[in-house]
Amino acid sequence: MEKLTYGEYIKRRRVELGLSQTDLAKVLSCSYQAISKYENDLVNIDLSFINKLAKALKVDVESFLLKKYEKNNDFTENYTFDSERLAKSIIFLREKKMISQKDLAKEIGISATRLSKIEQCNSNLKIEEFLKIAEFFNVNITSFYYTIDEKELFNKNDNKENEEEK
């Protein structure tokens, strides 16, 4: 399986859709230079910008985060990203699993100080960190990203089992 960077993924998807950097920039209300920086992996993509990017690239957030080319839901139309709610969800999940900041930080490969700043909304969560946290807690990426429902966070395996039974 080919390992794309997010920049390569954005460029490939943009080209598939027949969009120039300027076209995509207009949709996203940014400059074509910003698109160029994203496509060349010169800047980190802010987690809060992914909803808008996914929508412009006609994929859902989970597909964007996993660098897939499909649209499985319309959540980009109906939900928004909220970093404070996400931070609360991380705390909720950590406390529910009874794991310390230090231990969670070690599991996802960051410092406890960084995780503390993320939980306090004093630092932006990187895509890779977000995905590692979702994987560690085994939560649905879409539900976690939009922090739709705390109960939903724990239903990832239950939903898969129910689908397989049908």
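Reply: What follows covers confidence, the core and the aromatic rings. This is a predicted model, in which local features need pLDDT of at least 70 and side-chain atom pairs count only at pLDDT 80 or more, while totals for chains, interfaces and linings use all residues. Residues are numbered from 1 along each chain as its sequence is written, and side-chain values use heavy atoms, with hydrogens and water left out.

Me: What is the mean pLDDT of the chain?

Reply: The mean is 88, and 88% of the residues reach 70 or more; pLDDT is the predictor's confidence in each residue, from 0 to 100. Over residues 156-166 the value is below 50. Beyond near neighbours in sequence, that stretch has five contacts in the model (contact means heavy atoms within 4.5 Å). Where pLDDT is low, the predicted coordinates should not be read in detail.

Me: OK, the core. How many residues are in the largest nonpolar core?

Reply: It has 44 residues, and those with the most contacts inside it are Ile 45, Leu 47, Phe 64 and Phe 130. A nonpolar core is a set of buried Ala, Val, Leu, Ile, Met, Phe, Trp, Tyr and Cys residues joined through side-chain atoms within 4.5 Å. Buried means under 20% relative accessible area, exposed over 50%, partly exposed in between (1.4 Å probe, protein chains only).

Me: Which helix gives the most to this core?

Reply: Helix α10, residues 127-137, with six residues. Helices are DSSP runs (H or I, at least four residues), numbered from the N terminus.

Me: And what does Leu 47 touch?

Reply: Leaving out residues up to four places away in sequence, Leu 47 touches Leu 65, Phe 81, Leu 86, Leu 125, Ile 127, Phe 130 and Tyr 145.

Me: Switching to rings. How many aromatic pairs are there?

Reply: The structure holds 12. Rings of Phe, Tyr and Trp (its six-membered ring) pair if their centres lie within 6.5 Å; planes under 30 degrees apart count as stacked, over 60 as edge-to-face and the rest as tilted. Tyr 38 and Phe 49 are stacked, 5.6 Å centre to centre with 25° between the planes. Tyr 38 is in helix α3 and Phe 49 in the loop between α3 and α4, 11 residues apart.

Me: Is Tyr 38 buried or exposed?

Reply: Buried, at 14% relative accessible area. Phe 49 is buried too, at 17%.

Me: Which residues do ring pairs link into a cluster?

Reply: Phe 75, Tyr 79, Phe 81, Phe 130, Phe 144, Tyr 145 and Tyr 146.

How values were computed: Helices (H or I, at least four residues) and strands (E, at least two) are DSSP runs, numbered from the N terminus.
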